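Me: Please take a close look at the side-chain contacts in this model. Start with the aromatic rings, then move on to the charged groups and the surface.

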Amino acid sequence: MSASPLFIVLASPEHEKVQLAGMMASVAAVSERPTQLFVSMAAIMTFQKGLSSEERYKGGAFSAAMLDKGAPDAMDLFAQGKMLGDLQIVACSMALDIQEWTLDDLVEDLFDETGGLTKFLSDAEAGELIVL
């Protein structure tokens, strides 16, 4: 029996939530669970190409501790999930429009496509939905 797909909406730019999305997406994908991540709202800014960790991640005390202790970078977790499992990452077309960005403005080789919330939610009816 195959695992039901996991659908994650990432709307928050908070480091702790981005990190958790990276952990959940990569673990699910490498555990042979089809996974789709929809990056929307202010979270899209976290994926801007060329940012250092200090520029990319904003959060509370736990964020500072993760950076200080050298926790795996969330962008690396997403890349590993794509490389080793069934992880698809979609950039919200509205969020890109608001930023006046295209996929070329985002971290390279992470995003599969742009898309809208309506299609994502329709696809998500086939599995489990988590919102961060």
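Reply: Some ground rules come before the contacts. This is a predicted model, in which local features need pLDDT of at least 70, side-chain atom pairs count only at pLDDT 80 or more, and totals for chains, interfaces and linings use all residues. Residues are numbered from 1 along each chain as its sequence is written, and side-chain values use heavy atoms, with hydrogens and water left out.

Rings first. A pair of aromatic rings is described by two things, the distance of the centres and the angle of the planes. Rings of Phe, Tyr and Trp (its six-membered ring) pair if their centres lie within 6.5 Å; planes under 30 degrees apart are stacked, over 60 edge-to-face, and the rest tilted. The whole structure holds four aromatic pairs. One of them joins Phe7 and Phe120 edge-to-face, at 5.7 Å centre to centre and 80 degrees between the planes. Phe7 sits in strand β1 (residues 6–10) and Phe120 in helix α6 (residues 117–124), so this pair ties together parts that are 113 residues apart in sequence. Helices (H or I, at least four residues) and strands (E, at least two) are DSSP runs, numbered from the N terminus. Both Phe7 and Phe120 are buried. Buried means under 20% relative accessible area, exposed over 50%, and partly exposed in between (1.4 Å probe, protein chains only).

Another pair is Phe47 with Phe78. It is tilted, with 5.5 Å centre to centre and 45 degrees between the planes. Here too, distant parts of the chain are linked: Phe47 is in the loop between β2 (35–39) and α2 (53–56), Phe78 is in helix α4 (residues 74–84), and they are 31 residues apart. Phe47 is buried, at 0% relative accessible area. Phe78 is also buried, at 0%. Back at Phe7, ring pairs bring Phe38 in as well, so that Phe7, Phe38 and Phe120 form a cluster.

Now the charges. Lys and Arg count as positive, Asp and Glu as negative; His and the chain ends are not counted. A salt bridge is a side-chain nitrogen of Lys or Arg within 4 Å of a carboxyl oxygen of Asp or Glu. Arg56, in helix α2, is buried yet has no salt bridge. Its nearest side chain of opposite charge is Asp73, 5.2 Å away. The Arg56 side chain does reach the backbone oxygen of Gln48, at 3.2 Å. Asp104 lies in the loop between α5 and β4. It is exposed, at 61% relative accessibility.

Five salt bridges are counted. Among them is Glu14 with Lys17, whose closest N and O atoms are 3.9 Å apart. Glu14 is partly exposed at 38%, and Lys17 is partly exposed at 32%. Another joins Glu128 and Arg33 at 2.9 Å, N to O. That bridge links distant parts of the chain: Glu128 is in strand β5 and Arg33 in the loop between α1 and β2, 95 residues apart. Glu128 is partly exposed at 39%, whereas Arg33 is buried at 19%. Asp112 also bridges to Lys82, with the closest N and O atoms 2.7 Å apart. Asp112 is in the loop between α5 and β4 and Lys82 in helix α4, so this bridge ties together parts that are 30 residues apart in sequence. Asp112 is partly exposed, at 40%.

On the surface, Leu117, Leu121, Leu129 and Val131 form a nonpolar patch with about 330 Å² of accessible area together. The elements giving two or more residues to this patch are α6 and β5 (128–131). Patches take residues with over 30% relative accessible area and no salt bridge; like charges are joined within 9 Å, nonpolar side chains (Val, Leu, Ile, Met, Phe, Trp, Tyr) within 5 Å. Areas come from the Shrake-Rupley method with a 1.4 Å probe; for residues, only the protein chains shown count as cover. Leu129 belongs to strand β5 and is partly exposed at 39%.

Last, the backbone. Glu32 has a positive phi of about 65 degrees although it is not a glycine. It lies in the loop between α1 (15–30) and β2 and is exposed at 71%. Glu100 has a positive phi too, near 60 degrees. Its place is the loop between α5 (93–99) and β4 (113–115), and it is exposed at 72%.

Note on methods. Polar contact = N/O pair within 3.5 Å; in protein donor to acceptor, adjacent residues only side chain to side chain.
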